[in-house]
Structure formats: C-alpha cells, structure tokens
Amino acid sequence: MAFLFWKKKRGAEESSTQEVESVQNNSPVAEDSTSVIFSEPIPVTPNEESSAAAKPEKPAASTEETPAQLEAVELPKRSAKKGIRSLFSRVKFDPENLDELEDTLIQADFGVDSAAKIVDEVKARAKKQGAKTDKDLKEILAAVLEQNLEHSAKALNLSDGKTPYVILVVGVNGVGKTTTIGKLANWLVQGGFKVVIGAADTFRAAAVDQVATWAQRAGASLIRPKQEGQDPASVAFETVDEAIKQDADIVIIDTAGRLQNKADLMNELDKIRRVIEKQATISEVLLVLDATTGQNGLTQAKAFAEVANVTGVVLTKLDGTAKGGIVYSIQRELQIPVKLVGVGEGIDDFAFFDAKEFANGLVN
Ligand SMILES: Nc1nc2c(ncn2[C@@H]2O[C@H](COP(=O)(O)OP(=O)(O)OP(=O)(O)O)[C@@H](O)[C@H]2O)c(=O)[nH]1
C-alpha cells in the first residue's frame with residue numbers, strides 16, 4: 001500500500017533528509033521494515049474524502065501549499081503482523097465441513113451475516129479450485145478476508161496540502177486515545193514533521209498529565225489548558241493558533257470521551273470544530289475504538305459517526321483480543337475505513353491497517 005507523506009520545506013539546517021536518515025538508523029523498527037519514498041512531486045489536491053467530512057461553514061484560513069513548497073518524507077513502515085492474534089492457526093479445516101469456520105468467525109465478532117457470506121465465498125472458491133487440504137482452504141480464506149476488506153484499507157492521507165494538517169481524535173474513556181496520539185506523534189516527529197498536540201480533554205488533570213508524558217516522549221509540543229475544566233474548544237483554538245505561529249506541520253487534538261449523552265457530545269465536538277475551522281481545516285477525525293469491547297465498540301462507533309464526521313477508525317488493543325472481526329462490522333455497517341491499529345502499549349506498537357497483513361494474521 002502506498003503512503004504519501006509530505007511536509008513543508010524548511011531551511012537547509014532543518015533538512016528532513018538528514019533527520020530521516022538518522023531516524024532510519026535509530027528506529028527500532030527500521031531493520032525489519034520496508035520504507036516507501038515518493039521522490040517525485042505529485043499534484044497535491046485536497047483529499048476529497050477527508051476534507052468532505054470536515055467541510056467548514058466559512059472558508060478555512062489554512063493555507064494550501066503548492067507541491068514546490070512541500071517535500072516527500074520517508075517514514076518506516078509499521079507492521080502489525082506480530083500483534084494480530086490468529087483465529088485459525090489451531091483449526092484444521094475439512095472441505096466437507098466448514099461449520100467450525102462459521103462459528104469461529106461469529107465468535108470473533110464478524111457478525112452473523114458476514115460470517116455466512118465469507119463461508120459461502122470460501123466454499124465457492126474451494127469448489128472451483130478443487131481445494132482439498134487445510135492449507136488450500138486457509139489460503140482461500142485469507143484471500144476472501146482480504147478481498148472483503150480492501151476498501152477499508154486507506155492510509156492516513158498526509159498529502160492534502162493543507163497546513164497545519166489537523167487531526168481530531170475522539171472516542172470514549174480508556175480506549176487508548178492518548179496512547180495512540182503518543183504513538184502517532186512519535187512516528188511523525190521521527191519523520192521530521194513538526195507536531196503540536198492539544199490537550200483538549202480538560203475534565204481530568206490526570207488526562208492532561210498523561211498526554212504531556214506522551215508528547216514529551218514523542219518530541220512534540222503540547223498546549224495545555226490553563227486551568228482544570230477550561231473549555232476544550234478554547235484549548236483546541238489555542239493549539240491551532242500556536243501551531244500556525246510555530247509553522248508546524250501537524251496538529252493532533254485529544255478530546256474527552258466522558259460525555260453523558262449524544263447532545264452533549266454533539267455540542268462539544270461541534271464547538272471544537274467551529275473554533276478550529278476559524279483558522280484551519282480539519283483533515284481527519286479519528287475515532288479510537290478498543291477492539292476488546294467487540295460489538296460494544298460498534299455501538300460507540302455508530303454514536304460518534306452520527307455526530308463527529310469520522311474519517312477513520314483506530315482500532316486499539318488488537319494484541320489482546322481474538323475479536324478482530326469488528327473491522328468487518330465497522331466497514332459494513334458504517335463504511336468507515338479502519339486506518340490504524342494499536343498492537344501493544346509501547347510507543348512503536350501501531351501500524352497502518354493493511355488488509356493483506358490483517359487477513360494473513362487472522363488465518364495463520
Ligand atoms: N495492549 C494494548 N494496550 C493499549 C493499546 N492502546 C492503549 N492501551 C492501553 O489502554 C489503556 C488506556 O489507554 P489511554 O491511552 O490512556 O486511553 P484514553 O482513551 O486516552 O483514556 P482516557 O484518558 O481515560 O480518556 C492504557 O493502559 C494503555 O496502555 C494497545 O494497542 N494494546
């Protein structure tokens with residue numbers, strides 16, 4: 001899968017090439033990872049999908065850079081292979097009896113309809129190809145799973161030419177928002193991006209401290225609330241303001257997931273959106289979901305999708321569950337792509353969602 005990453009060109013002393021090289025050498029994942037570099041300028045146009053989801057009422061003040069003002073950045077590719085729990089490694093398939101396959105898929109939260117559809121597809125292909133062995137069937141299953149996920153596999157698009165590029169992170173308490181922000185910021189800073197994080201989860205002082213720790217580890221700037229309980233929208237505003245002053249590339253805003261009901265949630269997110277859009281365009285709204293919560297995660301996703309114009313899902317804690325099928329349910333019911341996955345508590349434990357890798361991880 002292609003990843004397009006662009007950042008503002010800065011002075012020679014800030015040349016990203018050097019930074020990227022040193023990052024490549026020091027990166028704990030660099031050795032076993034493939035990197036993708038785009039050295040040829042490509043036309044930078046606003047990303048239809050993400051910007052459509054974040055249409056400002058008034059024209060946004062964020063500047064759109066021309067390709068000549070941007071440069072391609074090479075970042076180490078993350079792999080989720082080790083983090084995805086296999087569902088079928090211990091299962092032996094019998095072409096005559098695929099009931100176990102259906103049961104396993106249902107238990108893994110694929111949903112009854114998807115499970116039946118997948119089994120039908122596997123049966124049809126197995127018949128056509130004359131599949132006899134467990135190995136043949138697993139290959140077919142991996143291909144069917146991958147195919148059914150293909151349109152979900154969309155990378156974060158950091159090439160929409162808007163600076164600062166604003167990512168709003170939403171989700172209920174404890175799903176892994178702060179951890180995800182830390183991981184993402186660290187990875188982007190490694191690639192030479194200037195990242196500013198806004199601690200707009202102002203209800204708990206501990207939440208601010210937590211995001212501060214991650215920002216420090218990642219080497220990102222942090223905008224904190226001036227006092228506990230400060231209006232999250234004003235923190236979001238100050239963050240974007242500061243990012244523009246610092247000529248930063250990326251803004252990541254942490255929000256609170258504590259809200260009691262949909263109206264509160266909608267009001268708060270609307271307000272945050274409105275104040276950000278006075279100065280910039282929101283390019284991504286990432287909804288963080290905890291994979292271990294299974295169908296409950298789907299209910300949360302529906303609620304947020306209704307109020308927050310979600311452009312992508314981050315599915316965390318995939319390392320701790322055999323319920324990866326939730327990816328299918330999210331895709332089928334909400335048509336929202338899963339963009340990132342969390343596969344551990346460490347700073348490097350995340351990956352861009354990749355349908356092939358995910359399907360193979362589930363099967364083998
Ligand atoms: N195993 C595993 N644990 C994770 C992952 N992501 C986050 N966690 C853990 O989940 C717990 C909650 O993570 P946070 O990042 O604090 O979640 P949050 O959504 O910011 O929570 P609040 O600050 O309460 O809103 C922490 O113990 C994290 O270490 C993951 O991908 N895998």
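Visitor: Which hand does the crossing of α9 and α10 have?
Guide: The crossing of α9 and α10 is right-handed. A crossing is right-handed if the near helix is turned clockwise from the far one by less than a right angle, and left-handed if anticlockwise. Helices here are DSSP runs of H or I with at least four residues, strands are runs of E with at least two, and both are numbered from the N terminus.

Visitor: Which residues of α9 and α10 make the contact?
Guide: K262, L265, M266 and L269 come from α9, and A303, V307 and A308 from α10. Contact means that two C-beta atoms, placed from the backbone, lie within 7 Å. Six of these residues are nonpolar, none is polar and one is charged. Ala, Val, Leu, Ile, Met, Phe, Trp, Tyr, Cys and Pro count as nonpolar, Asp, Glu, Lys and Arg as charged, and the others, Gly among them, as polar.

Visitor: Is this a predicted model, or what is it?
Guide: This is a predicted model: local features need pLDDT of at least 70, side-chain atom pairs count only at pLDDT 80 or more, and totals for chains, interfaces and linings use all residues. Residues are numbered from 1 along each chain as its sequence is written.

Visitor: New topic. Which residues are closest to the ligand?
Guide: G176, K177, T178, T179 and G342 are the closest, in a shell of 20 residues.

Visitor: What about α11? Which of its residues are buried?
Guide: I326, V327, Y328, I330 and Q331 are buried in α11, residues 326–334. Buried means 20 or more other C-beta atoms within 10 Å of the residue's own, exposed means 12 or fewer, and partly exposed is in between; C-beta atoms are placed from the backbone. The partners of these buried residues include α4 (112–129), α5 (134–149) and β13 (338–342).

Visitor: And what follows α11?
Guide: Q335 does, with a positive phi near 50°. Most residues other than glycine have a negative phi. Q335 is in the loop between α11 and β13.

Visitor: Is Q335 buried or exposed?
Guide: Q335 is exposed, with 10 other C-beta atoms within 10 Å. D247 also has a positive phi, near 55°. D247 is exposed, with 11 such atoms within 10 Å.

Methods: A residue is near a molecule or strand if its C-beta atom, placed from the backbone, lies within 6 Å of it.
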